[in-house]
Amino acid sequence: MAKKRILLIDDEKSLTSLLKLNLEETGNYEVRVENWPEDSIKAAREFKPDLILLDIIMPRMPGGNVAAAIDSDPELKGTPIVFLTAAVRKQYVEDHEGIICDHPCLAKPATVEEVVAMIEQHARK
Amino acid sequence: MKPGIIKVLLVEDNPGDARLLRAFLEEIPNRELELRLAPRLQDALTTLDEAEFDIVITDLSLPDSNGLDGFKKLHAAAPKCPFIVLSGIDDESLALGAVREGAQDYLVKSRLDPHLLDRSIRYAIERNRAEDKLITSEAFYHSLVEHLPQNIFRKDLDERFTFANQRFCQLLGRPLEEIIGRTDFDFYPPSLASKYQQDDQYVISTGRPFEVTEENIAPNGEKMYVHVVKTPIRNAKGQVLGTQCIFWDITERKRFEEQLQLKNAQLATNAEALRRSHEELKAAQLQLIQAEKMESIGTLAAGVAHEVKNPLAILQMGVNYLGKKVGSTDENITMVLQEMRDAIQRADTITRGLLDFAASKKLNVTPHQLNSLIADTLKMVRHELSKKEINLVTEYADALPKVAVDRTQIQQVFVNLFVNAAHAMTGGGTLTVRTAARQMASTTLSEGSRSAERMWVGDTAVVAEVEDTGQGIPEENLARIFDPFFTTKPTGVGTGLGLPVSKKIIELHGGTIEIKNKPGGGGVRVTLLLKPAKETN
């Protein structure tokens with residue numbers, strides 16, 4: 001079974017490298033990290049991910065804008081996006097049944113198990 | 001007697017008598033006299049018209065006048081001048097008549113001598129002067145009493161009027177002669193009359209003045225306020241002979257006083273209103289300052305929480321990774337990793353609490369049955385309660401109006417309160433939850449809330465009470481329980497944010513939260529007041 005391709009877009013380098021380590025440790029995922037939000041589209045086109053984990057509060061280009069750009073890109077349209085953010089509270093996410101701005105959302109800090117569960121639920125098969 | 005020349009007018013038609021008198025007058029020692037002679041009444045009247053005299057000495061039988069008529073005419077021509085009448089031995093009775101008509105003295109011609117004449121003149125002038133003074137003084141007092149704007153009267157010991165001034169006569173509407181000899185009962189209603197006589201009797205029996213302000217009803221029915229002063233009348237020996245009274249209308253003054261009092265009272269009311277609005281303003285200001293403070297704390301808390309979350313996420317990932325890589329061979333490493341996970345969990349709980357505290361003020365308010373909302377919330381803590389062996393008693397009021405609340409937020413409040421109660425009853429106990437509808441007895445004013453929503457006196461509030469049977473809250477802590485981060489719970493159990501968050505949520509709903517030790521001790525009672533949902537038909 002081919003590994004799922006996960007694109008991790010977050011300006012927080014320590015977080016992305018650790019999350020990448022953890023996800024790859026499971027043996028089920030191939031993870032690419034992009035710490036520059038403005039390069040997100042380029043990275044996504046190259047990497048063709050099965051799922052994008054997207055931070056919301058990032059300098060220069062907020063996650064919402066990145067999501068909108070992906071949604072409106074003919075080539076990338078339909079790529080599953082999961083927000084992973086400290087900007088929302090867990091309670092808020094639960095109240096909205098995990099969907100924020102048309103995309104599933106996971107509040108930081110999340111355990112690896114929670115991230116994996118989210119990926120398994122939403123990634124392209 | 002005033003020094004200088006005495007001017008004498010001698011009215012005498014008999015030249016012999018005139019000469020004799022002149023001779024007598026010149027014989028008087030130490031006295032300078034200026035004598036004018038008028039042989040007839042007409043001459044005398046003309047002379048009196050031209051000049052003033054210190055004394056007039058006149059015969060009563062003159063060629064152009066005989067008897068008292070002539071004297072009267074002369075006296076009328078010089079009313080202030082003293083007169084001495086000369087008479088013959090046979091007409092003394094006529095001379096006495098002249099004295100009754102105002103002459104000072106009479107002298108019988110045949111018995112005259114210089115010494116007698118001198119004395120008569122001197123006395124006549126002096127007596128005249130004294131009489132004049134007396135008349136002037138009497139006129140003065142009479143005028144004073146009659147023209148004063150005050151009512152004045154006197155009574156004898158038998159309460160009969162002996163005097164009344166014009167003013168009092170006017171008031172009674174009777175002439176003086178209809179007042180003298182009568183009593184108060186002839187003019188006033190019996191109750192007033194006997195009151196007045198009582199006052200008189202006080203003055204008579206004590207000999208002391210009596211003073212009062214009272215209502216008086218004049219015979220014409222006019223009501224007025226009067227100030228009355230009654231004093232005893234005494235004779236030379238000091239015996240009381242009767243009473244005298246002066247009283248005057250003070251209705252106007254009384255009315256002014258009443259107006260003044262009214263104005264004063266109004267002023268006091270205004271001042272009170274001013275003071276109250278000032279206090280309200282002060283309270284509002286305090287509230288605003290507090291709200292401002294809470295808001296900046298909220299903003300700060302949100303910022304901190306957000307900034308802490310990313311590092312926490314990194315730590316979480318790191319611990320995760322290490323946990324998998326190291327495996328569970330080394331007990332110490334396993335323990336260290338677990339401690340780190342717990343620490344991360346704690347930090348996460350606090351940051352979440354901070355975010356709750358700083359949470360957006362937008363409420364998703366819909367009408368809810370408070371009873372069922374509480375029952376649902378109790379299910380969420382059921383496990384916690386049974387674990388601590390806590391009995392649950394619910395006393396739900398029937399037919400409670402629905403409350404307008406954000407269900408999730410209010411549930412969060414109740415969870416906080418139930419958990420607090422559970423924490424307070426470590427050795428088991430009873431949690432009592434009660435609901436009721438209640439009329440507000442005062443208007444709520446909650447500091448720290450910027451919401452203009454209030455419950456006013458007379459509004460119906462929906463009340464929820466949460467009681468525990470724990471140890472209660474020490475007095476010194478009661479004032480601080482709503483302060484962020486104030487907690488008495490062990491580290492890791494409480495964040496110090498549960499109550500501040502709850503308070504904020506309740507106040508956003510326009511409600512109030514009050515936490516007190518139960519009267520008599522033995523636990524805490526939390527009282528929530530919530531607004532009923534507006535009836536929508």
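Here is a short tour of where the chains meet and of what is packed inside.

Before you start, keep in mind that this is a predicted model.

**Stop 1: the interface.** Show chain A and chain B in two colors. Here 19 residues of chain B are in contact with 23 residues of chain A. Together the two chains bury about 2000 Å², with 63% of it on carbon and sulfur atoms. Now select B:Ile314, B:Met317 and B:Tyr321: they supply 30% of the area that chain B buries against chain A, more than any other three residues.

**Stop 2: the salt bridge.** Which side chains meet in a salt bridge here? Pick A:Glu25 and B:Lys325, which sit 3.1 Å apart, N to O. H8(B) gives the largest share, 13 residues. Sorted by class, that side of chain B has 7 nonpolar, 6 polar and 6 charged residues.

**Stop 3: the cores.** The largest nonpolar core has 42 residues, and B:Phe414, B:Leu417 and B:Leu431 are among those with the most contacts inside it. Helix H11 (residues 407–424) of chain B provides the largest share of this core, 7 residues. Zoom in on B:Leu431: beyond its neighbours within four places in sequence, its contacts include B:Leu378, B:Phe418 and B:Val466.

Finally, select A:Leu19, A:Leu106, A:Met118 and B:Ile314, which belong to a second, separate core of 22 residues.

How values were computed
Residues numbered from 1 in each chain as written. Chains lettered and ligands numbered in written order. Predicted model: local features only at pLDDT ≥ 70, side-chain atom pairs only at ≥ 80, totals over all residues. Heavy atoms only, no water. Contact = heavy atoms within 4.5 Å. Buried area = accessible area lost by both parts, 1.4 Å probe. Salt bridge = Lys/Arg side-chain N within 4 Å of Asp/Glu carboxyl O. Helix = DSSP H or I, 4+ residues; strand = E, 2+ residues; numbered from the N terminus. Nonpolar A, V, L, I, M, F, W, Y, C, P; charged D, E, K, R; others polar. Core = buried A, V, L, I, M, F, W, Y, C linked by side-chain atoms within 4.5 Å. Buried < 20%, exposed > 50% of the residue type's maximum accessible area, 1.4 Å probe, protein only.
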